Amino acid sequence: MHKKDILEKLNKIKKVHIPIIGDIMLDHYSWGEVERISPEAPVPVVKIIKDEFMLGGAGNVACNIKSLSSSPILFSIIGKDDYGQKIKQILKQNNIKFFLHQSLQRSTTLKTRVLAQNQQMIRIDRESDSYLTSEELLAIKQQIDKIQQQYIIISDYGKGCICPGILEMLQTKKLIVDPKSKNYPFYKGFYLLTPNKKEAEQAANLKITDTNTLIKAGKIIISKFALENLIITLGPQGMAIFQKNEPIYHLPTCAQKVFDVTGAGDTVIAVLAIGLANNLDLISSAILANYAAGLVVAQVGTATTSLQAIKKHIQNSPKIKLTRLN
(Lines give C-alpha, C1' and ligand atoms only; values in the text may rest on other atoms or scores of the structure.)
Protein backbone atom coordinates (compact mmCIF):
# COMPACT_ATOMS: atom_id res chain seq x y z
CA MET A 1 0.00 0.00 0.00
CA HIS A 2 1.41 3.39 -1.02
CA LYS A 3 2.13 6.01 1.63
CA LYS A 4 -0.15 8.41 -0.24
CA ASP A 5 -3.07 6.02 0.26
CA ILE A 6 -2.32 5.62 3.96
CA LEU A 7 -2.05 9.38 4.45
CA GLU A 8 -5.40 9.84 2.70
CA LYS A 9 -7.01 7.36 5.08
CA LEU A 10 -5.36 9.04 8.06
CA ASN A 11 -6.73 12.42 6.95
CA LYS A 12 -10.25 10.97 6.87
CA ILE A 13 -10.19 10.08 10.56
CA LYS A 14 -12.71 12.08 12.57
CA LYS A 15 -13.43 12.27 16.28
CA VAL A 16 -15.25 9.18 17.54
CA HIS A 17 -16.39 7.96 20.95
CA ILE A 18 -14.66 4.75 22.03
CA PRO A 19 -15.77 2.87 25.18
CA ILE A 20 -13.01 1.03 27.05
CA ILE A 21 -13.72 -1.65 29.64
CA GLY A 22 -10.84 -3.11 31.57
CA ASP A 23 -8.21 -3.04 34.26
CA ILE A 24 -6.96 0.43 35.13
CA MET A 25 -3.71 0.87 37.02
CA LEU A 26 -1.47 3.62 38.29
CA ASP A 27 2.09 3.65 36.99
CA HIS A 28 4.44 5.23 39.52
CA TYR A 29 7.94 6.17 38.36
CA SER A 30 10.53 7.03 41.04
CA TRP A 31 13.60 8.58 39.44
CA GLY A 32 16.82 8.67 41.43
CA GLU A 33 20.59 8.37 41.64
CA VAL A 34 22.86 5.63 42.95
CA GLU A 35 26.02 6.73 44.74
CA ARG A 36 26.72 3.84 47.10
CA ILE A 37 25.93 0.26 48.10
CA SER A 38 23.85 -0.32 51.21
CA PRO A 39 25.78 -1.43 54.32
CA GLU A 40 22.75 -3.59 55.23
CA ALA A 41 22.81 -5.77 52.11
CA PRO A 42 24.63 -5.90 48.75
CA VAL A 43 22.08 -3.69 47.02
CA PRO A 44 22.32 -0.14 45.63
CA VAL A 45 20.93 2.76 47.63
CA VAL A 46 18.70 4.84 45.36
CA LYS A 47 18.28 8.47 46.33
CA ILE A 48 14.89 9.48 44.90
CA ILE A 49 14.87 12.83 43.09
CA LYS A 50 11.39 12.93 41.59
CA ASP A 51 8.17 10.91 41.33
CA GLU A 52 5.82 10.73 38.36
CA PHE A 53 2.37 9.17 38.14
CA MET A 54 0.80 8.02 34.87
CA LEU A 55 -2.22 5.96 33.93
CA GLY A 56 -1.53 2.37 32.96
CA GLY A 57 -3.58 -0.52 31.58
CA ALA A 58 -7.02 0.57 30.40
CA GLY A 59 -6.12 4.09 31.57
CA ASN A 60 -3.26 4.25 29.09
CA VAL A 61 -5.59 3.08 26.32
CA ALA A 62 -7.91 5.97 27.22
CA CYS A 63 -5.00 8.43 27.18
CA ASN A 64 -3.97 7.16 23.74
CA ILE A 65 -7.46 7.64 22.36
CA LYS A 66 -7.61 11.14 23.85
CA SER A 67 -4.24 12.12 22.36
CA LEU A 68 -5.47 10.86 18.99
CA SER A 69 -8.25 13.49 19.03
CA SER A 70 -11.07 11.10 19.90
CA SER A 71 -13.20 10.66 23.03
CA PRO A 72 -12.63 7.68 25.33
CA ILE A 73 -15.24 6.50 27.84
CA LEU A 74 -13.56 4.41 30.52
CA PHE A 75 -15.22 1.75 32.71
CA SER A 76 -13.18 0.07 35.43
CA ILE A 77 -12.75 -0.58 39.14
CA ILE A 78 -10.50 0.97 41.78
CA GLY A 79 -10.00 0.59 45.51
CA LYS A 80 -11.04 3.08 48.15
CA ASP A 81 -7.51 4.41 48.61
CA ASP A 82 -5.20 7.28 47.72
CA TYR A 83 -4.05 5.59 44.51
CA GLY A 84 -7.63 5.37 43.27
CA GLN A 85 -8.12 9.05 43.98
CA LYS A 86 -4.91 9.80 42.07
CA ILE A 87 -6.29 7.93 39.07
CA LYS A 88 -9.49 9.99 39.20
CA GLN A 89 -7.45 13.17 39.43
CA ILE A 90 -5.38 12.33 36.35
CA LEU A 91 -8.47 11.33 34.36
CA LYS A 92 -10.14 14.64 35.21
CA GLN A 93 -7.00 16.57 34.31
CA ASN A 94 -7.04 14.88 30.90
CA ASN A 95 -10.78 15.48 30.39
CA ILE A 96 -11.44 11.75 30.06
CA LYS A 97 -14.98 10.62 30.76
CA PHE A 98 -15.07 7.69 33.17
CA PHE A 99 -17.06 5.43 35.46
CA LEU A 100 -14.88 3.85 38.16
CA HIS A 101 -16.59 1.65 40.70
CA GLN A 102 -14.91 2.12 44.06
CA SER A 103 -14.49 -1.24 45.78
CA LEU A 104 -14.10 -1.83 49.49
CA GLN A 105 -12.79 -5.36 48.86
CA ARG A 106 -9.80 -4.66 46.62
CA SER A 107 -6.90 -2.23 46.29
CA THR A 108 -6.11 -0.01 43.33
CA THR A 109 -3.45 -1.57 41.09
CA LEU A 110 -0.14 0.28 41.55
CA LYS A 111 3.08 -0.50 39.72
CA THR A 112 6.10 1.32 41.13
CA ARG A 113 9.26 1.42 39.02
CA VAL A 114 12.47 2.69 40.56
CA LEU A 115 14.87 4.03 37.93
CA ALA A 116 18.46 5.19 38.31
CA GLN A 117 21.57 5.40 36.13
CA ASN A 118 19.31 5.21 33.06
CA GLN A 119 17.92 1.81 33.99
CA GLN A 120 15.08 0.25 35.93
CA MET A 121 16.35 -1.03 39.26
CA ILE A 122 13.21 -2.75 40.55
CA ARG A 123 9.44 -2.91 40.02
CA ILE A 124 7.05 -3.26 42.93
CA ASP A 125 3.43 -4.32 42.28
CA ARG A 126 0.48 -3.78 44.60
CA GLU A 127 -2.68 -5.31 43.19
CA SER A 128 -5.77 -7.47 43.56
CA ASP A 129 -6.44 -9.92 40.73
CA SER A 130 -9.59 -11.75 41.85
CA TYR A 131 -12.70 -11.58 39.68
CA LEU A 132 -15.37 -9.03 40.49
CA THR A 133 -17.74 -9.78 43.33
CA SER A 134 -21.46 -9.98 42.45
CA GLU A 135 -21.91 -6.45 43.82
CA GLU A 136 -19.00 -5.04 41.81
CA LEU A 137 -20.15 -6.84 38.67
CA LEU A 138 -23.68 -5.46 38.99
CA ALA A 139 -22.40 -1.90 39.47
CA ILE A 140 -20.26 -2.03 36.32
CA LYS A 141 -22.92 -3.87 34.30
CA GLN A 142 -25.43 -1.10 35.05
CA GLN A 143 -23.05 1.41 33.51
CA ILE A 144 -21.87 -0.49 30.43
CA ASP A 145 -25.47 -1.41 29.62
CA LYS A 146 -25.84 2.22 28.52
CA ILE A 147 -23.12 1.95 25.83
CA GLN A 148 -24.47 2.79 22.38
CA GLN A 149 -21.25 2.46 20.35
CA GLN A 150 -20.67 -0.67 18.30
CA TYR A 151 -16.88 -0.94 18.72
CA ILE A 152 -15.72 -1.50 22.31
CA ILE A 153 -12.18 -2.02 23.56
CA ILE A 154 -11.62 -4.74 26.16
CA SER A 155 -8.34 -3.97 27.92
CA ASP A 156 -7.64 -7.14 29.88
CA TYR A 157 -4.62 -7.10 32.19
CA GLY A 158 -5.78 -10.05 34.25
CA LYS A 159 -6.64 -7.99 37.34
CA GLY A 160 -10.26 -9.14 37.55
CA CYS A 161 -12.35 -6.44 35.89
CA ILE A 162 -12.74 -8.52 32.72
CA CYS A 163 -14.69 -11.62 33.69
CA PRO A 164 -17.30 -13.93 32.13
CA GLY A 165 -20.19 -11.79 33.39
CA ILE A 166 -18.87 -8.69 31.61
CA LEU A 167 -18.04 -10.47 28.36
CA GLU A 168 -21.38 -12.29 28.14
CA MET A 169 -23.40 -9.07 28.11
CA LEU A 170 -21.33 -7.62 25.23
CA GLN A 171 -21.78 -10.45 22.73
CA THR A 172 -23.72 -8.27 20.28
CA LYS A 173 -20.93 -5.66 20.13
CA LYS A 174 -17.77 -5.63 18.05
CA LEU A 175 -15.22 -6.30 20.75
CA ILE A 176 -11.56 -5.42 20.19
CA VAL A 177 -9.74 -7.40 22.86
CA ASP A 178 -6.23 -7.03 24.24
CA PRO A 179 -6.15 -10.43 25.97
CA LYS A 180 -4.67 -12.12 29.02
CA SER A 181 -4.26 -15.86 29.25
CA LYS A 182 -6.48 -16.40 32.32
CA ASN A 183 -9.55 -15.35 30.34
CA TYR A 184 -8.93 -17.25 27.10
CA PRO A 185 -11.76 -19.73 27.84
CA PHE A 186 -14.21 -16.80 27.68
CA TYR A 187 -13.00 -15.18 24.43
CA LYS A 188 -15.54 -16.61 22.01
CA GLY A 189 -16.88 -15.17 18.78
CA PHE A 190 -15.25 -11.76 19.17
CA TYR A 191 -14.54 -9.30 16.38
CA LEU A 192 -10.80 -8.87 16.97
CA LEU A 193 -8.19 -10.29 19.33
CA THR A 194 -4.73 -8.65 19.56
CA PRO A 195 -2.36 -10.96 21.51
CA ASN A 196 1.38 -10.52 21.54
CA LYS A 197 3.59 -13.43 20.51
CA LYS A 198 3.74 -14.99 23.99
CA GLU A 199 -0.03 -14.71 24.48
CA ALA A 200 -0.63 -16.21 21.03
CA GLU A 201 1.62 -19.14 21.87
CA GLN A 202 -0.37 -19.74 25.05
CA ALA A 203 -3.68 -19.55 23.19
CA ALA A 204 -2.58 -21.91 20.42
CA ASN A 205 -0.47 -24.14 22.69
CA LEU A 206 2.24 -23.85 20.05
CA LYS A 207 5.71 -22.30 20.02
CA ILE A 208 6.06 -19.67 17.27
CA THR A 209 9.53 -20.03 15.77
CA ASP A 210 9.08 -19.14 12.10
CA THR A 211 6.51 -18.12 9.48
CA ASN A 212 4.98 -21.58 9.27
CA THR A 213 4.36 -21.87 13.01
CA LEU A 214 3.08 -18.29 13.07
CA ILE A 215 0.50 -19.11 10.39
CA LYS A 216 -0.44 -22.35 12.13
CA ALA A 217 -0.85 -20.63 15.51
CA GLY A 218 -3.02 -17.88 14.01
CA LYS A 219 -5.29 -20.39 12.28
CA ILE A 220 -5.63 -22.41 15.50
CA ILE A 221 -6.64 -19.29 17.46
CA ILE A 222 -9.14 -18.11 14.82
CA SER A 223 -10.79 -21.54 14.79
CA LYS A 224 -10.55 -22.28 18.51
CA PHE A 225 -12.18 -19.00 19.56
CA ALA A 226 -14.44 -18.49 16.51
CA LEU A 227 -12.91 -15.07 15.86
CA GLU A 228 -13.62 -12.79 12.94
CA ASN A 229 -10.13 -11.28 13.03
CA LEU A 230 -6.79 -11.71 14.79
CA ILE A 231 -3.68 -9.54 14.95
CA ILE A 232 -0.58 -11.02 16.57
CA THR A 233 1.89 -8.33 17.59
CA LEU A 234 5.46 -9.53 17.20
CA GLY A 235 7.55 -6.77 18.78
CA PRO A 236 10.61 -6.05 16.58
CA GLN A 237 9.09 -8.28 13.87
CA GLY A 238 5.98 -6.11 13.47
CA MET A 239 2.56 -7.79 13.34
CA ALA A 240 0.64 -10.52 11.53
CA ILE A 241 -2.95 -9.95 10.39
CA PHE A 242 -5.44 -12.82 10.15
CA GLN A 243 -8.98 -12.40 8.80
CA LYS A 244 -11.43 -15.27 8.69
CA ASN A 245 -11.35 -16.89 5.23
CA GLU A 246 -8.99 -14.17 3.94
CA PRO A 247 -5.25 -14.03 3.11
CA ILE A 248 -2.79 -13.63 5.99
CA TYR A 249 -0.49 -10.61 5.95
CA HIS A 250 2.66 -9.49 7.73
CA LEU A 251 3.62 -5.89 8.54
CA PRO A 252 7.24 -5.12 9.50
CA THR A 253 7.86 -2.79 12.42
CA CYS A 254 7.96 0.96 11.78
CA ALA A 255 10.10 1.63 14.86
CA GLN A 256 13.38 3.40 14.14
CA LYS A 257 14.62 2.81 17.69
CA VAL A 258 13.23 0.97 20.71
CA PHE A 259 13.71 2.26 24.26
CA ASP A 260 10.64 0.82 26.01
CA VAL A 261 7.80 -1.42 24.78
CA THR A 262 5.65 -0.61 27.84
CA GLY A 263 2.14 0.26 26.68
CA ALA A 264 2.79 -0.35 22.97
CA GLY A 265 -0.15 -2.77 22.88
CA ASP A 266 -2.36 -0.03 24.35
CA THR A 267 -1.43 2.27 21.47
CA VAL A 268 -2.06 -0.45 18.89
CA ILE A 269 -5.53 -1.27 20.17
CA ALA A 270 -6.46 2.43 20.49
CA VAL A 271 -5.52 3.21 16.88
CA LEU A 272 -7.22 0.04 15.61
CA ALA A 273 -10.47 1.00 17.35
CA ILE A 274 -10.37 4.57 16.04
CA GLY A 275 -9.66 3.40 12.51
CA LEU A 276 -12.43 0.80 12.53
CA ALA A 277 -14.92 3.22 14.09
CA ASN A 278 -14.08 5.58 11.22
CA ASN A 279 -15.04 2.82 8.75
CA LEU A 280 -11.46 2.06 7.69
CA ASP A 281 -10.76 -1.56 6.77
CA LEU A 282 -8.75 -3.73 9.16
CA ILE A 283 -5.56 -3.70 7.05
CA SER A 284 -5.48 0.10 6.86
CA SER A 285 -6.24 0.42 10.56
CA ALA A 286 -3.44 -2.03 11.35
CA ILE A 287 -0.94 -0.11 9.23
CA LEU A 288 -1.77 3.10 11.10
CA ALA A 289 -1.51 1.25 14.42
CA ASN A 290 1.87 -0.11 13.35
CA TYR A 291 3.19 3.40 12.64
CA ALA A 292 1.82 4.63 15.97
CA ALA A 293 3.49 1.77 17.89
CA GLY A 294 6.77 2.64 16.19
CA LEU A 295 6.57 6.07 17.79
CA VAL A 296 5.68 5.10 21.37
CA VAL A 297 8.38 2.42 21.75
CA ALA A 298 10.95 5.18 21.21
CA GLN A 299 9.82 6.78 24.50
CA VAL A 300 10.39 5.68 28.09
CA GLY A 301 7.36 4.48 30.05
CA THR A 302 3.72 4.41 29.04
CA ALA A 303 3.47 6.85 26.14
CA THR A 304 0.96 8.27 23.69
CA THR A 305 1.14 9.83 20.27
CA SER A 306 -1.00 12.05 18.03
CA LEU A 307 -2.49 11.96 14.55
CA GLN A 308 -0.05 14.70 13.50
CA ALA A 309 2.93 12.74 14.83
CA ILE A 310 1.74 9.61 13.00
CA LYS A 311 1.39 11.62 9.79
CA LYS A 312 4.94 12.94 10.12
CA HIS A 313 6.25 9.46 10.92
CA ILE A 314 4.59 8.04 7.78
CA GLN A 315 6.07 10.83 5.66
CA ASN A 316 9.58 10.31 7.05
CA SER A 317 9.58 6.50 7.04
CA PRO A 318 10.35 4.12 4.18
CA LYS A 319 7.41 2.69 2.29
CA ILE A 320 5.79 -0.08 4.29
CA LYS A 321 5.86 -3.55 2.74
CA LEU A 322 2.70 -5.56 3.31
CA THR A 323 3.62 -9.19 2.67
CA ARG A 324 1.14 -11.99 2.07
CA LEU A 325 2.09 -15.09 4.07
CA ASN A 326 -0.15 -17.71 2.45
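User: Quick one to start. Which residue in β3 stands opposite isoleucine 24?

Analyst: Glycine 57 does. Keep in mind that this is a predicted model.

User: Fine. How do β2 and β3 pair, parallel or antiparallel?

Analyst: Antiparallel. Strand β2 covers residues 24-37, and its pairing with β3 runs over 13 bridges.

User: What holds strands together in a sheet, in general?

Analyst: Backbone hydrogen bonds, in either a parallel or an antiparallel arrangement.

User: What is the strand order in the sheet with β2 and β3?

Analyst: The order is β3-β2-β6-β7. That is an open sheet of four strands, and the pairing is mixed.

User: Which strands sit at the edges?

Analyst: β3, residues 44-57, and β7, residues 119-126. Each of these pairs on one side only.

User: How many degrees are neighbouring strands turned against each other?

Analyst: On average 20°, with direction ignored.

User: Which helix packs on that sheet?

Analyst: Helix α2, residues 58-67. α2 touches β2 and β3, and its direction makes about 65° with that of β3.

User: Is serine 69 buried, exposed or partly exposed?

Analyst: Partly exposed, at a relative accessible area of 47%.

User: Which other non-glycine residue has a positive phi, with a value near 55°?

Analyst: Asparagine 205. It lies in the loop between α6 (197-204) and α7 (211-224).

User: And asparagine 205, buried or exposed?

Analyst: Exposed, with 71% relative accessibility.

User: Now glutamate 136. Where is it found?

Analyst: In helix α4, residues 134-144.

User: Buried or exposed?

Analyst: Glutamate 136 is buried, with a relative accessible area of 1%.

User: What does its side chain make a polar contact with?

Analyst: The side chain of serine 103, at 2.5 Å.

User: Which residues is glutamate 136 in contact with, leaving aside neighbours within four places in sequence?

Analyst: Ile77, His101, Ser103, Gln105 and Arg106.

User: Last topic, α9. How many residues, and what reach?

Analyst: α9 has 15 residues, 282-296. The reach from first C-alpha to last is 21 Å, close to the 21 Å expected at 1.5 Å a residue.

User: How many of the residues of α9 are buried?

Analyst: 15 of the 15, so α9 is largely enclosed by the rest of the structure.

User: What happens at the start of α9?

Analyst: Aspartate 281 reaches in with a side-chain oxygen. That oxygen comes to within 3.1 Å of the backbone nitrogen of isoleucine 283.

Methods: Residues are numbered from 1 along each chain as its sequence is written. This is a predicted model: local features need pLDDT of at least 70, side-chain atom pairs count only at pLDDT 80 or more; totals for chains, interfaces and linings use all residues. Side-chain values use heavy atoms; hydrogens and water are left out. Helices (H or I, at least four residues) and strands (E, at least two) are DSSP runs, numbered from the N terminus. The expected span of a helix is 1.5 Å times one less than its number of residues. Buried means under 20% relative accessible area, exposed over 50%, partly exposed in between (1.4 Å probe, protein chains only). A polar contact is a pair of N or O atoms within 3.5 Å; within protein, one must be able to donate a hydrogen and the other to accept it, and residues adjacent in sequence count only if both atoms are side-chain atoms. Two strands pair if DSSP finds at least two bridges between them. Axes are lines fitted to C-alpha atoms, for helices over the stretch in contact, and angles run from 0 to 180 degrees between N-to-C directions. Contact means heavy atoms within 4.5 Å.
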